[in-house]
Amino acid sequence: MKWIHPNTIVGSTAVGKKYFRRHKIEEKLWREIRKGNHILLSAPRRLGKSSIMKYIAANPDAHYSCKYQNISSDATAIDFYKRLFELLLIQLKSLQKARERFRRWLQTKGVEEITATGVKIKEKDFDYKSNLLELLSKLKPADVHVVLMLDEFPDVIKNIAAREGIAQAKDILHTLRSLRHDDSFKGHFTLVLAGSVGLDHIVKNVDRLSVINDLYEQTLEALDADEVDGFFEHLLQNASMQVDEACRTYILQRLQQALPYYIQLIIEGCNDILYADKRTQLTKEDIDRAWSLVLRNHKNFSDWDERLEDYFPNDYPFFWEVLTYCAHHSSLSIQELYNLAIKTGQSTTYKAKIDDVLIKDGYLHQEGNIFTFISPLLQEWWKCRHPYILQQKRSWTLT
């Protein structure tokens, strides 16, 4: 029998047949774009922000021209303004009425060629920022509507602050805010920003949060009851592995929340087991075995730990204490959190840091005054990753 594997993807963004439509969130985003709002797409990591943005960019509403791009490599202000200028020109070139209208202006600016991957400009010291602003001012008279979907935007602000200084990163944040408040651009130029690390905490290291509080923040939640059945069908359509209702329920019970990334990890583990055993019917025992297999595959989780240390080196000791305590005790109360904050010198800003990073980026979940891991899989992996903390259990008698 030819084995047909499930339609899963966990290593990169889901596109084409791999993408599971999130109709409700897609419609919410378009509703705000039509209003002329600029959007911050906020969600814990691995919930599918990039996949949704790519799908929307590839399937725009009528009268809109959309472009998605991961901009994490931009490390200077020039890099960033050059990126926006080129993306805008590439989109305008795809619109026939815009091509003709902007031809003469582009010639005066020394723009020699526009391709799908970049723009060739005659002048070496081209001022991308001022020419971007001038180009934006021409969108409304041309009656064009461009939406740029910029992924990993927080990385750019972090990179620029590290390489060129906080003043340069602050200038970009204020320039973008000015653009968003300019009525001459409204409805003709829209930014959708997202990233795999929360923007709030990055901005706080550079400027006040007021510089981004005008963005419409759209959160992306776990699959709801209407979506979860469709997601299982999407993953298992025509697959050799058979997963009955009892096993689907058991997977969701073990995961506690219907998060697409973790569901796919378990489905892939189950598929590997059945494929090796040459069986098609999944059992609960297979799910338990798959759970253990997933935990042993460190590539699924190591990045969660490493990114915290990379992005937040000064706060990492506090985050490490919180996550390790929570992993070994299964939960953490607000009082215990405060005690850990005192221990690591974070007593004044500890809750904001938990909200902006560990909750917003998909490590912890808060219900009332209790914090737990958003995923039992991530909790068990973290516990195994830092086992030696058990030797310090006595020091964790928190009062």
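A search of the whole structure, which is a predicted model, identified 17 aromatic pairs. Two rings of Phe, Tyr or Trp (its six-membered ring) are paired if their centres lie within 6.5 Å; planes under 30 degrees apart are stacked, those over 60 are edge-to-face, and the rest are tilted. Among these pairs is that of Tyr-311 and Phe-312, with a centre-to-centre distance of 6.1 Å and 45 degrees between the planes, a tilted arrangement. Phe-318 and Phe-319 also form a tilted pair, because their ring centres are 5.9 Å apart and their planes stand at 35 degrees. One aromatic cluster is formed by Tyr-311, Phe-312, Phe-318 and Phe-319.

Accessibility was classed as buried (under 20% relative accessible area), exposed (over 50%) or partly exposed (in between), with a 1.4 Å probe and protein chains only. Tyr-311 and Phe-312 are both buried. Phe-318 has a relative accessibility of 0% and is therefore buried, and Phe-319, at 0%, is likewise buried.

Charged side chains were also found over aromatic rings. A charge sits over a ring if NZ of Lys or CZ of Arg is within 6 Å of the ring centre and within 35 degrees of the ring normal. Lys-158 lies over the face of Tyr-311, 5.0 Å from the ring centre. The charged end of Arg-254 is placed over the ring of Trp-291, at 4.0 Å from its centre.

A disulfide is a covalent bond between the sulfur atoms of two cysteines. With a disulfide taken as a pair of cysteine sulfur atoms within 2.5 Å, zero were found in the whole structure. The cysteine sulfur closest to that of Cys-326 belongs to Cys-384, and the separation of 15 Å is too far for a bond. Cys-326 is buried, with 0% relative accessibility, whereas Cys-384 is exposed at 59%.

Most residues other than glycine have a negative phi. His-63, however, has a positive phi near 75 degrees, and Asn-238 has a positive phi near 70 degrees. Helices (H or I, at least four residues) and strands (E, at least two) are DSSP runs numbered from the N terminus. His-63 is located in the loop between helix 2 (49-58) and strand 2 (65-70), and its relative accessible area of 69% makes it exposed. Asn-238 occupies the loop between helix 10 (225-236) and helix 11 (245-255); this residue is exposed, at 60% relative accessibility.

Residues are numbered from 1 along each chain as its sequence is written. Local features need pLDDT of at least 70, side-chain atom pairs count only at pLDDT 80 or more, and totals for chains, interfaces and linings use all residues, while side-chain values use heavy atoms, without hydrogens and water.
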